[in-house]
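Hello,

Here is the structure we talked about passing on. Please have a look, then read my notes below.

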Amino acid sequence: MKKIVISFLLLTSHFLFLTSVYAGEPPNRIVSLAPNITEILFAMGLGERTVGVTNFCDYPNEARKKPKVGGIYNPSLEAVVLLEPDIVVMTMDGNTKEFEERLRSLKIKTYVFKAKRLHELPQGIRDLGTALGVKEKAEGLSREIEISMNRLTNSSLVTRYSSLKKRILFIVWPEPLIVAGSGTAIDDAISLLGCENIAKVTYTSYPKYSVEEIIRKSPDVIFIGEGHMNMKETSRALLKKISKVPAVKNGEVYYVSDSIYRLSPRVINGIDEMARCLR
Amino acid sequence: MSKIKISMLILVLVLIVSASLFVLPKVINPFQMDTVERNILFSIRFPRVIVAFFMGMALGVSGAVLQGILRNPLADPYILGISSGASLSAVAGILSGIYFFGKFTIPLAAFIGASLVSVLVGFFGWKKGRLWPERLLLAGVGLSFLFHAILMLLMSVSADERLGRIMFWIYGDLSTADWSLIPIASVFIISGISISLSRAKALNALILGDELAHSLGFSVRKERLLLFVSISLMTAASVSLGGIIGFIGLLVPHVMRFLIGADNRFLVPASALGGGTLLCMADLIGKSILSPMEIPAGIVTAIIGSPYFLYLLGRRDVLSA
Amino acid sequence: MSSVHKYTILQFDDVGFFYEKNKEFIHELSFTVSDREFIGLLGANGSGKSTILKLASGILNPSEGSIRLWGKPLQSFRYKDRAKLLSYLPQLLDMNVPFRVRELVAMGIYPYDIIPEMTLSEALNMVGLDGKSDLYIKNLSGGERRRAFIAMTLLQGAGLLLLDEPLANLDIKYQIEVIKLLKELKEKKNISIIMALHDINMALQFEKVMLIKDGKVLGMGNPEIVLSRDLLKEAFDVAIEARSFQTAYEIRNTGS
């Protein structure tokens with residue numbers, strides 16, 4: 001009887017080992033190659049085990065104090081190797097495939113975070129959590145996100161708006177005019193809020209848009225991402241050009257923070273922000 | 001006199017290589033390395049320096065030879081559209097996401113693109129049984145514009161994630177250099193340099209003019225074709241190693257000509273040395289100055305190169321030939 | 001002073017050449033050049049002087065007839081071997097070549113694997129450029145540049161020099177310099193020289209003149225006979241006379 005129990009236990013632990021890269025203990029030394037990854041790591045309680053981040057990882061505050069390995073497109077191979085990471089977490093966009101391969105050729109474990117769209121975020125976090133041995137925390141985090149997203153979708157506000165089919169434009173940069181097209185988290189957020197993204201029919205995520213087209217499509221609401229600059233100044237000229245558009249005429253131009261740009265738990269805040277503006 | 005100058009150049013090269021291997025961006029003491037540092041030295045720094053040197057050599061020699069064949073001091077290997085063709089091909093590879101050959105895919109695409117363009121340029125430059133410098137130049141410039149435009153088109157409609165990658169490749173990124181490409185690329189580059197060196201006398205004669213070259217006993221058609229092929233090989237190999245790096249082919253021969261004269265028997269090897277040194281230096285600066293962020297070597301050469309080029313234009317004694 | 005000629009160096013037999021199909025430019029051209037001859041190729045622009053020189057040097061291939069160098073067909077020579085026997089200087093010498101005088105002149109040994117008899121300093125000496133060997137070609141005067149290229153052909157050791165309008169655009173002083181030099185070379189080094197020119201009076205310098213029009217030889221021989229009023233009229237479409245001027249006459253005297 002004892003033998004059977006022991007062998008059964010051995011088998012299941014073996015199985016558990018196979019299903020997660022890190023059974024039990026999460027890796028001690030994690031390097032993040034993207035700001036949203038850094039945020040997720042910290043949100044899952046892995047902040048202390050994160051030993052390296054990019055120069056652009058500014059949230060949470062503790063992340064700023066971590067050793068830097070370079071930019072998103074151009075991290076330093078050496079800097080990563082010097083940190084002797086157990087695993088390097090990267091994204092599908094931004095980080096390059098060559099860099100990932102190079103890391104692997106140097107026998108460094110990598111994990112590619114595959115979520116790119118809003119609805120992929122919860123599962124992406126779950127998968128990341130599983131791979132890093134923090135399944136429960138990841139589950140908790142992704143559930144939070146799912147609940148928030150559902151709340152927004154089902155709110156009376158949204159149902160009201162979907163019947164109105166508000167037309168929205170999200171401007172990333174005024175000059176040259178770059179907007180959020182289809183296939184972006186922003187676009188997903190707009191759909192989530194029951195509205196229509198007028199820049200949806202493009203094959204590029206962040207296309208250079210024509211000012212004419214804005215006038216023709218006459219959006220009801222315009223969001224402008226704050227970024228790090230004084231957007232009010234920079235966008236003044238553009239808004240003047242499109243002053244006849246309903247959004248500008250009715251004063252429905254809103255400046256929102258860049259939480260929406262990063263596919264991390266804070267993206268919910270970004271969506272909330274947008275929702276509040278619509279109220 | 002020239003021997004002193006060359007010795008100094010070699011000294012500079014040794015210093016730069018040593019700094020790249022042992023000092024910047026972080027000091028590694030070769031006598032007291034731990035495993036991680038040994039790994040960095042041999043798997044990262046070493047191949048990177050070798051790639052930089054080979055690329056620089058290829059570009060320097062190609063510039064010298066091309067300036068001779070075209071009898072034009074402003075010639076640069078990329079004037080023949082080789083860079084645009086290679087970029088277009090590599091970018092198409094990146095965008096398509098096809099990865100048949102794993103990590104060799106992009107370099108291979110670049111190489112094929114560069115070679116195809118060379119063939120195209122050669123085709124347009126060929127008339128009545130031989131290559132004409134003026135035709136080569138015009139064909140190269142024309143094709144260059146065309147490919148560049150197509151490239152910009154592709155970039156403007158492509159998904160942005162890959163754009164960053166494309167930009168870095170286009171600006172000459174040596175950061176992921178490893179040993180795998182070095183053997184085959186070095187074969188092409190060494191071959192190209194050897195061919196150029198062996199035809200150095202013919203190149204000198206070609207500079208005098210087709211008729212004089214003929215009078216001195218050279219088959220103009222054969223020599224020009226051979227030299228053109230060697231340039232194409234070297235440039236294509238260089239592009240496949242680390243993308244587009246400008247100004248080296250243009251400037252290094254000028255500087256070397258000023259230092260040791262225009263005789264290609266000396267100019268060719270000097271341009272190899274000078275080009276290799278310059279690129280090693282540019283890469284060293286690129287990986288150190290904003291560490292840990294890396295600036296692509298191509299951007300560094302452009303920043304150093306263009307003002308220096310303008311300065312050269314002002315000095316009449318240097319713009320000889 | 002007439003020299004005794006022992007060898008035929010160059011021979012044109014019924015040579016024909018056309019730049020475009022069915023439009024013959026050179027037609028049934030025959031002549032020979034022996035050793036130690038100094039021949040002036042005279043004719044109007046477009047009469048075929050350059051073409052004849054290019055055919056003689058092998059840059060162009062005849063469409064008809066044969067050209068022989070030392071008895072062998074010109075085309076049968078390997079490039080390097082041909083370069084040891086004849087050299088060609090075009091009319092336009094690019095002044096922007098990046099070489100110094102000594103580097104340029106030294107290129108004369110390219111056809112050879114071993115150093116030829118004449119040394120660099122000898123060649124420079126013969127053309128009077130000894131002190132200027134370190135100068136850049138582009139910093140020389142027109143006449144000096146021409147002489148530097150001649151020095152290069154000297155080093156090449158060719159027995160036959162083909163010069164296309166070497167006197168063009170030179171001041172009269174340099175023209176005379178070059179003619180004097182060429183005559184000297186012919187005597188001292190046993191070289192034959194064919195030179196294209198269009199200055200009729202200068203043609204009187206030569207022992208032998210070939211008068212060309214439309215790719216045909218109107219006359220070949222002593223200039224005083226060939227440059228008769230009738231033939232000149234035919235060659236240049238205008239009634240003129242060749243007159244030797246004082247200096248030309250004097251050079252003629254001192255040269256012989």
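B:P269 is buried, because 21 other C-beta atoms lie within 10 Å and the cut-off for buried is 20 or more. Please bear in mind that this is a predicted model. B:P269 sits in helix 12 of chain B, which covers residues 264-288. I also checked B:P269 against B:G68. The two are 201 residues apart along the chain. Their C-alpha atoms are separated by 14 Å.

Next, the contact between chains C and B. On the chain C side, 22 residues take part, and they touch 20 residues of chain B. Two elements of chain C, helix 2 (79-85) and strand 6 (86-89), each supply at least two residues to the side that touches chain B. Which element of chain C gives the most to that side? Helix 2 does, with four residues. By residue class, the side of chain C that touches chain B has 12 nonpolar residues, four polar and six charged.

Last, chain A. Chain A has 279 residues, and 42% of them count as buried. Its secondary structure comprises 14 helices and nine strands. I looked at how far along the chain its contacts reach, too. Take the contacts in chain A with a separation of 6 or more: 56% of them join residues 24 or more positions apart.

Then go to helix 2 of chain C, on the side that touches chain B.

Best wishes

Note on methods. Residues numbered from 1 in each chain as written. Chains lettered and ligands numbered in written order. Predicted model: local features only at pLDDT ≥ 70, side-chain atom pairs only at ≥ 80, totals over all residues. Contact = placed C-beta atoms within 7 Å. Nonpolar A, V, L, I, M, F, W, Y, C, P; charged D, E, K, R; others polar. Buried ≥ 20, exposed ≤ 12 C-beta atoms within 10 Å, placed from the backbone.
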